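Dear colleague,

Please find the structure below, followed by an account of what was found in it.

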Amino acid sequence: MAISIKSAREIELMKEAGRILAIVHEEMEKALRPGMTTKDIDKLGEEVIRSYGCIPSFLNYNGYPASICVSVNDEVVHGIPSRKRIIQEGDIVSLDAGLIYKGYHSDAARTHAIGEVSQKAKDLIRITEECFFEGIKYAKEGNYLFDISAAIGNYATERGYGVVRDLCGHGIGMQLHEAPEVPNYEMNRRGPKLRSGMTLAIEPMINVGTWEVEWLDDDWTVVTRDGSLSSHYENTVLITEDEPILLTLSK
Ligand code: MF3
Ligand code: CO
């Protein structure tokens with residue numbers, strides 16, 4: 001599949017999709033506290049998405065049964081919200097959300113510390129965000145896609161972290177997942193040239209231990225193989241001739 005280049009009108013719609021998703025994340029962050037279940041967060045996220053007239057894009061996507069992916073501690077991504085899973089002080093909780101506004105998708109993830117967490121957990125969350133910001137230094141027309149991938153992956157590996165290889169970022173627009181795939185590790189080729197008007201969901205998934213992951217029997221939840229903590233950070237990014245625009249980040 002070719003990589004879609006968004007028109008000015010499409011970019012306006014994606015900006016609005018992103019702006020609303022940033023609000024969804026702010027509302028979930030404000031509500032997050034020990035004693036809540038992961039299902040409570042999913043419900044809240046879905047309510048906020050619908051209150052803006054948007055559609056939760058993850059719900060029923062390939063059979064995924066919720067609107068928000070809630071992944072706790074050694075869960076990497078795609079954790080399924082549950083009434084039985086209670087969030088505790090000291091946990092780290094990744095929230096991944098996506099919505100559709102007038103036919104256009106936005107996708108973003110954040111990892112939050114619940115109360116006081118270990119220094120190891122704090123460092124992991126910070127490094128994962130730094131990986132993203134290292135990557136987008138190269139997110140500019142004329143560079144190559146895998147410049148971003150290498151920057152993300154090398155930043156993490158140089159600091160002793162494991163970079164998840166089984167899942168990637170992706171193009172985004174009228175579909176949640178469009179071409180191209182956006183790996184979070186160095187490739188032995190440069191990949192497609194970046195052009196103004198491309199929109200990418202860039203999403204490093206970083207482990208304290210090794211890069212290896214496995215799937216739970218629910219066929220969704222991805223966990224670290226060694227049981228180490230994992231963090232996820234994602235924004236929908238618009239490529240321009242100049243600095244990239246982070247559509248899902250307010251301020
Ligand atoms: N950010 C994730 C992704 O890009 C969210 C997909 S979850 C799913 O793959 F449930 F929709 F698959
Ligand atoms: Co994504």
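The site of the cobalt ion (ligand 2) is irregular, with angles of 67 to 169° among its six donor atoms. Here donors are N, O and S atoms within 2.8 Å of the metal (3.2 Å for Na, K and Ca), and water is not among the atoms, so sites may look incomplete. Six donors count as octahedral if opposite donors are over 155 degrees apart and all others between 65 and 115.

This is a predicted model, in which local features need pLDDT of at least 70 and side-chain atom pairs pLDDT 80 or more, while totals for chains, interfaces and linings use all residues. Residues are numbered from 1 along each chain, chains are lettered from A and ligands numbered from 1 in the order written, and side-chain values use heavy atoms, without hydrogens and water.

From the protein, the cobalt ion receives Asp-107 (OD), His-170 (NE2), Glu-203 (OE) and Glu-234 (OE), at 2.1 to 2.2 Å. Their spacing along the chain is D-x62-H-x32-E-x30-E.

For Glu-234, a side-chain N or O atom is 3.2 Å from a ligand 1 nitrogen atom.

Yours sincerely

Definitions and conventions:
Polar contact = N/O pair within 3.5 Å; in protein donor to acceptor, adjacent residues only side chain to side chain. Tetrahedral: all angles 85-135°; square planar, octahedral: opposite > 155°, others 65-115°.
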